[in-house]
Amino acid sequence: MAPKEKSELKSWPVYLILLILIGAIIWALRNQATISKFVAGVQQSHAADTNMNDAKWAQITQGEPKKLAEIINAGRTWGTVWTDWYGKAAPELELADIAGKTHKLSDYLGKNVLLVFWATWCAPCQTEVPHLIELRKRISEDELAMLAISNEDPATLQRYAESKGLNYTIISARSLLPAPFGSVEGIPAGFVVDKEGKIKLATEGVVSLTEMVQILRAKQ
């Protein structure tokens, strides 16, 4: 084989890599507008949720509940996790909130429970906070228990709760929790436990107020 042919054979992978990079750049530029539009749409939707009026609240809380699968398929900022736990009894939890009060998961049988795993330093968690505040305003503690669990120290959580006006239960859990709660890695993460104490759904990512309500009302 001639030296020129050998040189061309050696250089073709470089050209291939360049072509791939150029293609990726072109794709990114073409899709930038679409991505920006999607992000803006999500932000607008979340802003509308956290400034919800009574008319919209009535719209999402009345009528026939959606099926859970339909809500899951429509989710854009979150996904499902620990699906093998769905329909199974939630393990017992006994945790103290930042005021020193003890909460046992079994104490909430007969009402829905929303467990949120979060941290004060987590930007997506901060996005979800206004939705949780509005949810607590809209649904009474007689119907829904809301426990937000972080592994941060109580003092840090107390300062954050006061600065943001958190109106739901904040828990500092520094010890290992039973599965699946102890398996949480990405935050925010959430578990919906039904009135029978069974795990209905587990999520990872930011869930909006509308989606939270839909999930609580959903049929299996």
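A disulfide is taken here as a pair of cysteine sulfur atoms within 2.5 Å, and by that criterion a search of the whole structure finds one. The structure is a predicted model, in which local features need pLDDT of at least 70 and side-chain atom pairs count only at pLDDT 80 or more, while totals for chains, interfaces and linings use all residues. Residues are numbered from 1 along each chain as its sequence is written, and side-chain values use heavy atoms, with hydrogens and water left out.

The disulfide joins Cys122 and Cys125, whose sulfur atoms are 2.5 Å apart; the torsion about the S-S bond is about 80°, so the disulfide is right-handed.

| Residue | Relative accessible area |
|---|---|
| Cys122 | 4% |
| Cys125 | 3% |
| Gln214 | 17% |

Helices (H or I, at least four residues) and strands (E, at least two) are DSSP runs, numbered from the N terminus. Helix H4, residues 123-138, has 16 residues and reaches 24 Å from its first C-alpha to its last, close to the 22 Å expected, where the expected span is 1.5 Å times one less than the number of residues. A kink of about 30° lies at Val129, shortly before the proline Pro130, the bend being the angle between axes fitted to the seven residues ending at a residue and the seven starting there. Among the buried residues of H4 are Cys125, Val129 and Leu132.

Strands pair if DSSP finds at least two bridges between them, and six of them form an open sheet in the order E1-E8-E7-E4-E5-E6, with mixed pairing. Strands E1 (78-80) and E6 (169-172) stand at the edges, each with a single partner strand, so one side of each is left without a neighbour in the sheet. The twist averages 25° from one strand to the next. E1 and strand E8 (residues 199-205) run antiparallel and are joined by three bridges; the bridge partner of Gly79 in E8 is Glu204.

Helix H5 (residues 154-164) packs on the sheet, touching strand E5 (144-150) and E6, and its direction makes about 160° with that of E6. H6 also packs on the sheet, touching E1, E4, E5, E7 and E8, with its direction at about 160° to that of E8. Axes are lines fitted to C-alpha atoms, for helices over the stretch in contact, and angles run from 0 to 180 degrees between N-to-C directions. Gln214 lies in H6, residues 209-217, and, leaving aside its neighbours within four places in sequence, is in contact with Lys66 and Ile71, contact meaning heavy atoms within 4.5 Å.

Notes: Buried < 20%, exposed > 50% of the residue type's maximum accessible area, 1.4 Å probe, protein only.
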